[in-house]
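Let's take a walk through this structure together, one piece at a time. Have the sequence and the 3D view open side by side as you read.

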Amino acid sequence: MATEVGPTPVKAPASGGTPIHHGPKGVGEDNQILSQGKWASWLLAPTIIALGIVIVYPIISAIVMSFQKDAGLDPATGLFTAGGPAGVQNYVNWIAQQCAAPAGGTVACPPGTLGAQFWSATATTFFFTVVTVAFETVLGFWMAMIMARTFKGRSLVRAAVLVPWAIPTAVTAKLWFFIFAFEGIANQLFNTTILWTGSEWPAKWAVIIADVWKTTPFMALLILAGLQMIPAEVYEAAKVDGASAWQRFRMITLPLVKPALMVAILFRTLDALRMFDLPYILTGGANNTTTLSILVINQIRQGFNSAAALSTITFIIIFLVAFIFVRFLGANVVEQSGATGKGKK
Amino acid sequence: MKTPKFLLPVATAGILALTLSACGGGGGGGGTQAGGGDAAAGLDGRGPITYVQGKDNSNVVRPLVAKWNAAHPNEKVTFKEQTDQADQQHDDIVQHFQAKDAGYDVVDVDVVWTAEFAAKGWLQPLKDKMAIDTSAMLKPTVDSGTYKGTLYAAPQTSDGALLYYRKDLVPTPPKTWDEMMSMCSIAKKNNIGCYAGQFSKYEGLTVNASEAINSAGGSVLDKDGKPSLNTPEAKAGLENLAKAYADGNIPKEGITFQEELSRQAFQSGKLLFLRNWPYVYNLATTEGSSAVKDKLGIAPIPGATGAGASSLGGHNLAVSVYSKNKATALDFLKFMTSEESEKFYATQGSLAPVLGSLYTDKDLVAKLPYLPVLKTSIENAVPRPVTPFYPAVTKAIQENAYSAIKGEKPVDTALSDMQKSIESAGAGS
């Protein structure tokens, strides 16, 4: 990730500064554009085919699977038999928290089944998302403001900040697992005897703390990229006009950094909505820290088709959130080059 | 330039799909269709085969395979090493069997996977032409490889629970649970915790909770694989744990313990009794930081009236129904479970043998002094629930036993929820 994020601050102003090629179209240009389009589609074809194979096919096959029943056991032979078509039953079972009843039909899922955890897992996922993204945005902004200043050892600070982000999440999780152990550093340091992974709220906060520690640098760097696109003259002009530091922040920094900020928040939100490895390793999903992704993985071991339905539901939920972001909050992933171009006009 | 508005959702979906594809990895196997392969095919086939097992950390498998290959130049065995993560090993085997891969001839299966794989029709029944002699093996280990009365996997190594105790504080180890609880006053006097096992919410809790239930005379599943938790015995078993936690006999941090954390607590002298696997013995007696080096006693885990019913660990060897060289596979399986190989597991890898006779072998006992106690433990052991729905059963046990031990749910409710959850899993969907 470090190599991807690093060059952005340099690249972004450059692309913003390139002259815009697309003037009003003349009639003669139409043919040229048409042939260009053909050429482009040939060039794009390999990528699209590759994406089709690795993304579209698995998604469609998952959706097809989600309309199949899971294998049941033939009581006479003790062997599994194919479940057959299920219609939307798998989806209904998750959303209404219904489980198979021994006598046939369905009953409300008893506690201890995965089905009984659907809504609590959804709530937990959203709770984690809102809280961690909020913390990460505020802290990330603060870190970015510091890193944007010129001072000695700035590049060292920028590199150092990335360290938590560079460590694989599974390793981070194991690290925090030992920190939050009963005899671990957290309790020793604050002289407390909290069962961090043994009761609901401490467990939730343990996950939040570890996640914020890990991903704030990512936020900070994306925001930093946005900050560096703001020309210094704007601030100078504002200073000359007698704007206070707070006014400069609110009237200049915030609106100008907003496109980058929204993209950063969108990415983090999507990332947080599919949070898996951290709670899985840190708490094992105990004490109401089971997220939707953990539920999917647990279900895969109990029945593929039902798991496919659950992952499709998760997909739809995340899609809706992303759609709301793009549509209403102006997180502009697609039109970013256009938007920055507009700012320049 | 403006991207047309209608492309927005497409692009969004693309980004999402990229981010999501990481999650979908495990499910790519496709709909499991049962039926399996032909158990009558390839019975006389001979030729090169592949043996699949998790990471060979203590270098036990490679020397054995080399030895076999030297003696059987035309039926060479290739050793395919998996990761050291049990879940990944499980999923790897599932994917290969689903693809009807003939290249996974002999597989090493955890005792709890045997029923699932057998019910999927992936394992060659070890009967008739493929029969092996199990008479010298400890019975519970054979039970762990048996599904619906048929042996599907040959016991390879075993594992049972031991009760570690502080012999400087407790002169004679407790034989029953009640006796152990009555000794907790000693712990209190010395200002240390009394008893701990593994009560964090994970597979270890299933092991500990079934041990408690089995030791009190109950059982999780009956002979037909149906849950049988609404019994006074099961209640007494789970109540033992819940009560001990409420009384403080299990220290409050006990519900965060997995194997290692509980070992560390005991090894640093903070516990009077510890339930754990045999691996603790070597570490606690040799590690420099151990505070209990010369104060360590071992005993079978306590039950209601005598030795308790340990949960069984270990691995079994199975032949794939898709194998083309089953005759070779069977010979290799017999070779890997022979007395000589079993002895090698014990000396080289400290893995508990499945042959009863080895537990009194002088050389072995000299090297692994806990063997006689472990034999009692394994002889009294009960395999964890043998069911093709094991993943659902273990979750049902963990979820409800955890709530019961923490006192969030009365033991009765926890058991009836456990019962209903397991019934629902078995009902299919």
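In which sense do strand β3 and strand β11 of chain B pair, and over how many bridges? Strand β3 (residues 106-110) of chain B and strand β11 (residues 313-319) of chain B are antiparallel, joined over five bridges. Strands here are DSSP runs of E with at least two residues, while helices are runs of H or I with at least four residues, and both are numbered from the N terminus. Two strands count as paired if DSSP finds at least two bridges between them. As one example to find on screen, V106(B) has V319(B) in β11(B) as its bridge partner.

Before going further, a word on the model and its labels. This is a predicted model, in which local features need pLDDT of at least 70 and side-chain atom pairs count only at pLDDT 80 or more, while totals for chains, interfaces and linings use all residues. Residues are numbered from 1 along each chain as its sequence is written, and chains are lettered from A and ligands numbered from 1 in the order in which they are written.

Now step back to the sheet around that pair. Five strands of chain B form an open sheet with mixed pairing, in the order β2-β1-β3-β11-β6. At the edges stand β2 (77-81) and β6 (154-159) of chain B, each with a single partner strand, so one side of each has no neighbour in the sheet. From one strand to the next, the twist averages 20°. Helix α2 (residues 61-71) of chain B packs on this sheet and touches β1 (49-53) and β2 of chain B; the direction of α2 makes about 165° with that of β2(B). Such angles run from 0 to 180 degrees between N-to-C directions, and axes are lines fitted to C-alpha atoms, for helices over the stretch in contact.

Chain B also holds a second sheet to look at. This open sheet has four strands in the order β8-β9-β7-β10, again with mixed pairing. Its edge strands are β8 (193-196) and β10 (296-299) of chain B, each pairing on one side only. Here the twist averages 15° from one strand to the next. β8(B) runs parallel to strand β9 (residues 271-276) of chain B, and three bridges join them. Within this pairing, A196(B) has L274(B) of β9(B) as its bridge partner.

How is chain B divided into domains? Domain 1 covers 49-159 + 312-379 and domain 2 covers 162-311 + 389-426, with bounds from an automatic or database domain assignment. Their C-alpha centres lie 28 Å apart. Each domain gives 14 residues to the contact between them, where contact means C-beta atoms, placed from the backbone, within 7 Å. On the side of domain 1, α4 (114-119) and α15 (371-379) of chain B each give two or more residues, and α15(B) gives the most, with five.

Finally, turn to a helix pair in chain A. The axes of helix α10 (residues 200-227) and helix α12 (residues 245-273) of chain A come within 8 Å and cross at roughly 155°. The two helices are therefore roughly antiparallel, a label given to angles over 145 degrees. Among the residues making the contact are M219(A) and L222(A) of α10(A), and L261(A) and V263(A) of α12(A).

How values were computed: Two residues are in contact if their C-beta atoms, placed from the backbone, lie within 7 Å. Angles under 35 degrees count as roughly parallel, over 145 as roughly antiparallel, 65 to 115 as roughly perpendicular and the rest as oblique.
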